[in-house]
Amino acid sequence: MSTVKKDAEKAFDEMEAVGGMSEPADRYYEPAETSDDDLLKALLSVEDTATKQEYIPRFKSYFTVKSITSDEYNKLVDRCKYPVKNKRTHQIEEKINQDKLSVLLIKEACVKPDWSNPQLLKKYNTDDPCVVINKRLLIGEITQLSSAIMDVSGFSDEIEKIKN
């Protein structure tokens with residue numbers, strides 16, 4: 001590692017220690033050297049699903065969400081597709097209903113609360129947890145939980161790259 005890079009990291013660490021600044025998003029990290037055996041051990045030992053607690057201020061409570069696999073996500077996306085005719089080419093294209101996808105994502109990956117709880121379903125006079133989610137949560141809360149699910153599922157880095 002170069003002297004300039006070491007000096008910059010040392011200065012950053014000192015500023016961070018006194019609470020002067022947070023870590024910059026573009027900070028460079030040396031790639032970790034991992035042997036094939038270490039990587040295999042990591043793949044075998046890490047749990048298949050991860051969970052995360054997300055605080056929703058309106059309810060003054062934490063909601064627990066879990067990660068989803070790419071297969072589960074693709075099945076949800078397939079359920080949200082609908083055909084649209086392109087006016088320019090006159091071809092039928094598929095669009096994705098993002099609102100429906102967010103609600104289905106919460107239904108699938110929200111561990112706590114249980115949206116299919118009989119008391120919740122009875123209060124909203126339905127047997128569909130998606131109806132309860134739409135009626136009980138505000139759009140910002142739906143977005144917050146969907147983002148938390150995507151984050152715990154490993155999409156956080158990609159979302160940040162797309163935003164920038």
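A: Terms first: helices (H or I, at least four residues) and strands (E, at least two) are DSSP runs, numbered from the N terminus. This is a predicted model, in which local features need pLDDT of at least 70 and side-chain atom pairs count only at 80 or more, while totals for chains, interfaces and linings use all residues. Residues are numbered from 1 along each chain as its sequence is written, and side-chain values use heavy atoms, with hydrogens and water left out.

Q: OK. How many helices and strands in the protein chain?
A: The protein chain has seven helices and five strands. In sequence order the pattern reads α-α-β-β-α-β-β-α-β-α-α-α.

Q: And how much of the protein chain is buried?
A: Of its 164 residues, 23% are buried (under 20% relative accessible area; exposed is over 50%, partly exposed in between, with a 1.4 Å probe and protein chains only).

Q: What share of the contacts join residues at least 24 apart?
A: That share is 49%, taken among contacts between residues at least 6 apart in sequence. Contact means heavy atoms within 4.5 Å.

Q: Helix packing next. At what angle do α4 and α6 pack?
A: About 115°, with the axes of α4 (residues 98-109) and α6 (residues 129-136) 9 Å apart. Axes are lines fitted to C-alpha atoms, for helices over the stretch in contact, and angles run from 0 to 180 degrees between N-to-C directions.

Q: So what do you call α4 and α6, relative to each other?
A: Roughly perpendicular. That label covers 65 to 115 degrees; under 35 is roughly parallel, over 145 roughly antiparallel, and the rest oblique.

Q: Which residues of α4 and α6 meet?
A: On the α4 side they are Val 103, Leu 104, Ile 106 and Lys 107, and on the α6 side Pro 129, Cys 130, Ile 133 and Asn 134.

Q: How do α3 and α4 pack?
A: Helix α3 (residues 70-79) packs on α4 at about 140°, and their axes are 9 Å apart. This makes α3 oblique to α4.

Q: Which residues in α3 and α4 meet there?
A: Glu 72, Tyr 73, Leu 76, Val 77 and Arg 79 of α3 meet Lys 100, Leu 101, Leu 104, Leu 105 and Glu 108 of α4. Leu 104 of α4 is also among the residues that meet α6.

Q: Switching to single residues. Is Glu 141 buried or exposed?
A: Glu 141 is buried, at 7% relative accessible area. It sits in helix α7 (residues 139-163).

Q: Backbone now. Which residues does the cis peptide bond join?
A: Lys 112 and Pro 113, with omega about 10°. Pro 113 lies in the loop between β5 (110-112) and α5 (118-123).

Q: What is the phi of Lys 60?
A: Positive, about 50°, although Lys 60 is not a glycine. Lys 60 is in the loop between β1 (51-56) and β2 (61-66), and it is exposed at 66% relative accessible area.

Q: And the phi of His 90?
A: Also positive, about 65°, and His 90 is not a glycine. His 90 falls in the loop between β3 (81-85) and β4 (92-96). Its relative accessible area is 53%, so His 90 is exposed.
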